[in-house]
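This briefing is meant to be read alongside the sequence and the coordinates.

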Amino acid sequence: MAHNGFTVNVGALESAESGIRDAVTELGEMAGWGFASAGAQGMGVREKMLDSAPHIGPGSLGAALLAFGDAWEFGIRYLVEDGNAAVDALGEARAAYQQMDAEAQQKLVETLREG
């Protein structure tokens, strides 16, 4: 779709939508260590750190690892939520452009038939 030098590449919107969706899915799976639904809720990071803490060294290092896991449970949840919101917004924008293109094409066909 183009107007006065402004163009929208619907394929690029679809590609961005797909790429963000894939990244969010992977983040959720990594955070949940194979359980995407847990990762999407930010769960799994602390548990993984809790399991790993005794094996990494002195108590202060384990405590730091647990603090990291606590903080990133919320961080991952927000990244997943924001990523999903971005995908939704891109999908809505893409659908609106596609609808406008289809309506414009239909109107043009109707006008040519009448003329």
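## A buried arginine and its partners

Arg94 is buried, with a relative accessible area of 18%, in what is a predicted model. This arginine is found in helix α4, and together with Glu17 and Arg21 it is linked in a network of salt bridges. The points below take the members of that network in turn, and then move to a surface patch, to a loop residue and to the confidence of the prediction.

**Arg94 and its surroundings**

- When neighbours within four places in sequence are left aside, Arg94 is in contact with Val10, Leu13, Glu14 and Glu17.
- The side chain of Arg94 makes a polar contact with the side chain of Glu17, at 2.8 Å.
- Arg94 counts as buried because its relative accessible area of 18% falls under the 20% cut-off.

- Glu17 has its place in helix α1, where its relative accessible area of 8% makes it a buried residue.
- Not counting residues up to four places away in sequence, Glu17 touches Val87, Leu90, Gly91 and Arg94.
- Glu17 forms a salt bridge with Arg94, in which the closest N and O atoms are 2.8 Å apart. This pair links distant parts of the chain, since Glu17 lies in helix α1 and Arg94 in helix α4, 77 residues apart.

- Arg21 and Glu17 both lie in helix α1, where they are four residues apart, or about one turn of the helix.
- With a relative accessible area of 40%, Arg21 is partly exposed, whereas Glu17, at 8% relative accessibility, counts as buried.

- Phe68, Trp72 and Leu79 make a nonpolar surface patch of about 290 Å².
- One of these residues, Leu79, is found in helix α4, and at 44% relative accessibility it counts as partly exposed.

**A buried residue in a loop**

- Val8 has its place in the loop between β2 (6–7) and α1 (10–31), and with a relative accessible area of 15% this valine is buried.
- The C-alpha atoms of Val8 and Tyr97 are separated by 7.9 Å, although the two residues are 89 apart along the chain.

**Confidence of the prediction**

- The mean pLDDT of the protein is 80, and 83% of its residues reach 70 or more.
- Confidence is highest in helix α4 (residues 59–114), at a mean of 87, and lowest in strand β1 (residues 2–3), at 56.
- Arg94 and Leu79 are both found in helix α4, the element where confidence is highest.

Definitions and conventions
Residues are numbered from 1 along each chain as its sequence is written. Side-chain values use heavy atoms; hydrogens and water are left out. pLDDT is the predictor's confidence in each residue, from 0 to 100. Helices (H or I, at least four residues) and strands (E, at least two) are DSSP runs, numbered from the N terminus. Buried means under 20% relative accessible area, exposed over 50%, partly exposed in between (1.4 Å probe, protein chains only). Patches are made of residues with over 30% relative accessible area and no salt bridge: like charges are joined within 9 Å, nonpolar side chains (Val, Leu, Ile, Met, Phe, Trp, Tyr) within 5 Å. Accessible areas come from the Shrake-Rupley method with a 1.4 Å probe; for residues, only the protein chains shown count as cover. A salt bridge is a side-chain nitrogen of Lys or Arg within 4 Å of a carboxyl oxygen of Asp or Glu. Contact means heavy atoms within 4.5 Å. A polar contact is a pair of N or O atoms within 3.5 Å; within protein, one must be able to donate a hydrogen and the other to accept it, and residues adjacent in sequence count only if both atoms are side-chain atoms.
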